[in-house]
Amino acid sequence: MATEIRLSQNVVPAGDSVAAAVVMNIDEGWHVNAHQPTLDYLIGTELTIDEQAGFRVSGIQYPESEEFSFAFAGEPLDVYQGGAPIFFTLATAPALAPGSYTLTGSLRVQACNDKSCLAPSTLDISIPVEVVAAKTAFKTINQGLFTEYSGREGWDSPASLTDNSIASMFSERGTILAFLGIFLIGLALNLTPCVYPMLSVTVSLFGGQAEKETRTRKTFMMASIYVLGIVSMYSVLGVAAAYTGSLFGNWLQSSAVLAGVGIILLAMALSMFGLYELQPPQWLMQKLGSAGGSVGPAGHFLSGVMVGIFAAPCIGPPVIALLTFVGAQGDPLFGFFTFFVMALGLGLPYLILGTFSSLLSKLPRSGQWMVWVKKVFGVVLVGAALFFLALAWFPKYVLYTLPPTLILGGIYLGFIESSGRNRKIFSRVKRVVGVAGMIGGLLIIVNLTKSTVQWESYHPDKLEAAVSKGTPVVLDFTADWCVPCLELDRITFTNPDVIAALQPYRTIKVDLTDYGSPEAEALRKQFDVAGVPTIIFLDDEGNEIEEARITGFVDAEEFLKRMPE
């Protein structure tokens, strides 16, 4: 039997931890007894690592045993066979000097084939470790192996390797399918509340060119440039955030920027209602490469960048997962390409909509129904504007902007707006849309009045009190500007099963709205929080149950699956 040593990263910064494995390569036809053998008189597999200054070993985890029926035994025995890894965590001291180190140890085993057992033997183990200066970048390796490791006590730096679902996609499904999954994540981001109002903006931008740009090829080129603006914004900003280690889009989620987005959307909405016609200054049109009064390539590119900015407040958690994975790789080119693929998924609907929005002008119309459709877009933009303004100034009431938008918008579009009244079928369509809007608003009001989890505000004394009483704790790291946090409150934490499941816990919210403050930074470092929402479960001794940690929005079903048993 031969052994080999595997580490989860190429180097270890001083003060950090690394996952390690001693892989037993057991010859075919032979087996070694499990760590806890079936029979008392059998010798179990035992890994011992010698103590060495500057290093600490913890979290030793043996592989799952298999039952094998030997000819000489009267019952199946628990054994290891093939390539069986023994995992452990190797922590380094902050003061450890950079250099090459070798840790020593021994592996005690007893091997058997189907007819006989060999005498117990002890194999010498040597573990080479390259230590570098603190905070030095490193590259993760052997990802497929360490996704099996769950005993990560003290293993801080590469923890995301197993917790991060992005890393799991690469290790379990391969590069091509993983990038396809990232593309689909980007596509799904269009369903978030900050993103889908931009679809109507796209229609207004490209639909107005219908009579002047009838060639689909030319429109496709302009739409591609528009999407390139979206892709460029996320690729460049994502890699920059990965370098700095800061929360993605934090400055985009400030009150000033959110209010500015809301005001712009409101101005666009009023234009949809015909109060005025938005027209950039002539000098700006010339700078942007305008031709014949239509926005040129540079204008479409900048419009795409703006769509990316508008979307930022809603898409933090998926991008945080990408940032965590990209940062662990330490490869800026890989990081750029990862964000490029995600942004392509985000931009695909805009490419299709921008290319074919000019065809709206070719649909059978008398002119009146198009006026009504334009006002539908106006109502959508009003709702989006109120959403962003509330997110900036009254974040606790942001969800209350949706019911009046739907109810009043439904009344206006279905029963007050005057276009097409002389057409019976069109009038019926308007009424159906109006009634649907009012029903949707009422359903949201009903949902907002549901019972929910009762949260306390965070204070360190509350954690100490919970530990003294042996009460487990749930910490919900949230922020007023965090849209997925609001979705958790509205959808997941109103679920009766979730409310019942959290009854044994002390439920505490940690407010990180002022994300850059010293207090928030200290909490983020203390609990290793990369972004919001993050939900952490602490056991009755105050220790985190790491495998239960939740990052980003999850529905009630997924939340219950992730809860500790």
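Biologist: In this predicted model, are Trp372 and Phe426 buried or exposed?
Modeller: Residues under 20% relative accessible area count as buried. In this predicted structure, both Trp372 and Phe426 are buried.

Biologist: How many aromatic pairs does the structure hold, and which geometry does the pair of Trp372 and Phe426 have?
Modeller: The structure holds eight aromatic pairs. For Trp372 and Phe426, the ring centres lie 5.7 Å apart and the planes stand at 90 degrees. An angle over 60 degrees counts as edge-to-face, so the pair of Trp372 and Phe426 is edge-to-face.

Biologist: How many residues apart in sequence are the parts that this pair ties together?
Modeller: Trp372 belongs to helix H11 (residues 368-393), while Phe426 belongs to helix H13 (residues 424-448). The pair therefore ties together parts whose separation in sequence is 54 residues.

Biologist: What span does H13 reach from its first C-alpha to its last, and what is expected?
Modeller: H13 has 25 residues. At 1.5 Å a residue, the expected span is 36 Å. The model comes close to that value, with H13 reaching 36 Å.

Biologist: Which glycines are among the buried residues of H13?
Modeller: The buried residues of H13 include Phe426, Ser427 and Lys430, and also Ile444, Asn447 and Leu448. Among the buried residues there are also the glycines Gly434, Gly437, Gly440 and Gly441.

Biologist: Which residue lies over the face of Trp455?
Modeller: Ring pairs link Trp455 into a cluster with Phe493, Tyr505, Phe537 and Phe559. At 4.7 Å from the ring centre of Trp455, the residue over its face is Lys509.

Biologist: Which residues have the most contacts inside the largest nonpolar core?
Modeller: This core has 42 residues. Its largest share, nine residues, comes from H11. The residues with the most contacts inside the core are Leu475, Phe477, Leu512 and Phe527.

Biologist: Leaving aside neighbours within four places in sequence, which residues are in contact with Leu475?
Modeller: With those neighbours left aside, the contacts of Leu475 include Tyr458, Leu463, Ile508, Val510 and Phe527.

Biologist: What is the bridge partner of Glu46 in E10?
Modeller: An open sheet of four strands has the order E2-E12-E10-E5, with mixed pairing. Within it, E5 and strand E10 (residues 99-109) pair in the antiparallel sense over four bridges. In E10, the bridge partner of Glu46 is Arg108.

Biologist: Is Ser126 buried or partly exposed?
Modeller: Ser126 is found in strand E12 (residues 121-132). Leaving aside neighbours within four places in sequence, Ser126 is in contact with Ile5, Thr102 and Leu103. At 45% relative accessibility, Ser126 counts as partly exposed.

Biologist: How far apart in space are Thr89 and Ala19, C-alpha to C-alpha?
Modeller: Thr89 lies in strand E9 (residues 83-92) and is buried, with a relative accessible area of 1%. Thr89 and Ala19 are 70 residues apart in sequence. Their C-alpha to C-alpha separation in space is 4.6 Å.

Key:
Residues are numbered from 1 along each chain as its sequence is written. This is a predicted model: local features need pLDDT of at least 70, side-chain atom pairs count only at pLDDT 80 or more; totals for chains, interfaces and linings use all residues. Side-chain values use heavy atoms; hydrogens and water are left out. Rings of Phe, Tyr and Trp (its six-membered ring) pair if their centres lie within 6.5 Å; planes under 30 degrees apart count as stacked, over 60 as edge-to-face and the rest as tilted. Helices (H or I, at least four residues) and strands (E, at least two) are DSSP runs, numbered from the N terminus. Buried means under 20% relative accessible area, exposed over 50%, partly exposed in between (1.4 Å probe, protein chains only). A charge sits over a ring if NZ of Lys or CZ of Arg is within 6 Å of the ring centre and within 35 degrees of the ring normal. A nonpolar core is a set of buried Ala, Val, Leu, Ile, Met, Phe, Trp, Tyr and Cys residues joined through side-chain atoms within 4.5 Å. Contact means heavy atoms within 4.5 Å. Two strands pair if DSSP finds at least two bridges between them. The expected span of a helix is 1.5 Å times one less than its number of residues.
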